[in-house]
Amino acid sequence: MGEAERGDAAPRLYVSYFCANRHETRPAFAADAVIPESWDCPRCGLPANLDSENPPPPPKIQPYKTHLAYVKERRSADEAVAILEEALETLRERRASGEVIY
Ligand SMILES: [Zn+2]
């Protein structure tokens, strides 16, 4: 019943996860925890699962796009100028009528 026993009381379950780069990760779970089917590999970030023979394939690379890039896909620059003009015109009208202060 010594102090050293403290903190070791809760049973732990070590579960092996495997990623496509053949890394093995063994996070510990409380014995009564629900074990997730997948886990992100802490070494390479790929998804890992419980099947060493059949790890999940690496996800398709999604090239990072800025919000502006998405907008440019949908709108040409001319359209953007027109939309901006329209928005400014509306704002000016509302300002002139005292509806909008700034
Ligand atoms: Zn990995």
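This report walks through a predicted model, from its zinc site to its salt bridges, surface and domain layout.

**The zinc site**

Let us start with the metal. Four protein donors hold the zinc ion: the SG atoms of Cys19, Cys41 and Cys44, together with ND1 of His23. These donors lie 2.0 to 2.3 Å from the zinc ion. The angles that the four donor atoms subtend around the zinc ion run from 106 to 116°, so the arrangement is tetrahedral.

Along the sequence, the donor residues follow the spacing C-x3-H-x17-C-x2-C. Cys19 and Cys44 are 25 residues apart and link distant parts of the chain. Cys19 belongs to strand 2 (residues 17-19), while Cys44 sits in the loop between strand 5 (38-40) and strand 6 (47-49). Cys19 counts as buried because its relative accessibility is 1%, below the 20% limit. Cys44 counts as partly exposed because its relative accessibility is 32%.

The loop between strand 2 and strand 3 (24-25) holds Arg22. This residue has a positive phi of about 65°, although Arg22 is not a glycine. Arg22 is exposed, with a relative accessible area of 71%. Asp40 is placed in strand 5. With a relative accessible area of 56%, Asp40 is exposed.

**Two salt bridges**

How many salt bridges does the structure hold? There are two. One joins the side chains of Glu73 and Lys65, with 2.6 Å from N to O. Glu73 counts as exposed, at 54% relative accessibility, and Lys65 is partly exposed, with a relative accessible area of 32%.

The other salt bridge pairs Glu89 with Arg92, whose closest N and O atoms are 3.2 Å apart. Both residues lie in helix 2 (residues 77-96), three residues apart, which is about one turn of the helix. Glu89 is partly exposed, with a relative accessible area of 37%. Arg92 is partly exposed as well, and its relative accessible area is 41%.

Helix 2 has other features to look at. Leu84, Leu88 and Leu91 make a nonpolar surface patch of about 230 Å². Of these, Leu91 is placed in helix 2 and is partly exposed, with a relative accessible area of 30%.

Asp78 is also found in helix 2. Asp78 counts as exposed, at 65% relative accessibility. Arg95 has its place in helix 2 too, and counts as partly exposed at 42% relative accessibility.

The protein is divided into domain 1, covering 11-58, and domain 2, covering 67-96. How far apart do the C-alpha centres of domain 1 and domain 2 lie? The separation is 48 Å.

Ala28, placed in strand 4 (residues 28-30), is one of the residues used here, and Ala28 counts as partly exposed at 39% relative accessibility. Its partner in the table is Glu73, which also takes part in the salt bridge with Lys65. The table lists C-alpha to C-alpha distances.

| Residue pair | Separation in sequence | C-alpha distance |
|---|---|---|
| Asp78 and Gly98 | 20 residues | 30 Å |
| Arg95 and Lys65 | 30 residues | 35 Å |
| Ala28 and Glu73 | 45 residues | 46 Å |
| Asp40 and Ile101 | 61 residues | 51 Å |

The C-alpha centres of the two domains lie 48 Å apart.

Technical notes
Residues numbered from 1 in each chain as written. Predicted model: local features only at pLDDT ≥ 70, side-chain atom pairs only at ≥ 80, totals over all residues. Heavy atoms only, no water. Donors = N, O, S within 2.8 Å, 3.2 Å for Na, K, Ca; no water. Tetrahedral: all angles 85-135°; square planar, octahedral: opposite > 155°, others 65-115°. Helix = DSSP H or I, 4+ residues; strand = E, 2+ residues; numbered from the N terminus. Buried < 20%, exposed > 50% of the residue type's maximum accessible area, 1.4 Å probe, protein only. Salt bridge = Lys/Arg side-chain N within 4 Å of Asp/Glu carboxyl O. Patch = residues over 30% accessible without salt bridge, like charges linked within 9 Å, V, L, I, M, F, W, Y side chains within 5 Å. Areas by Shrake-Rupley, 256 points an atom, 1.4 Å probe, with all protein chains shown as cover. Domains from an automatic or database assignment.
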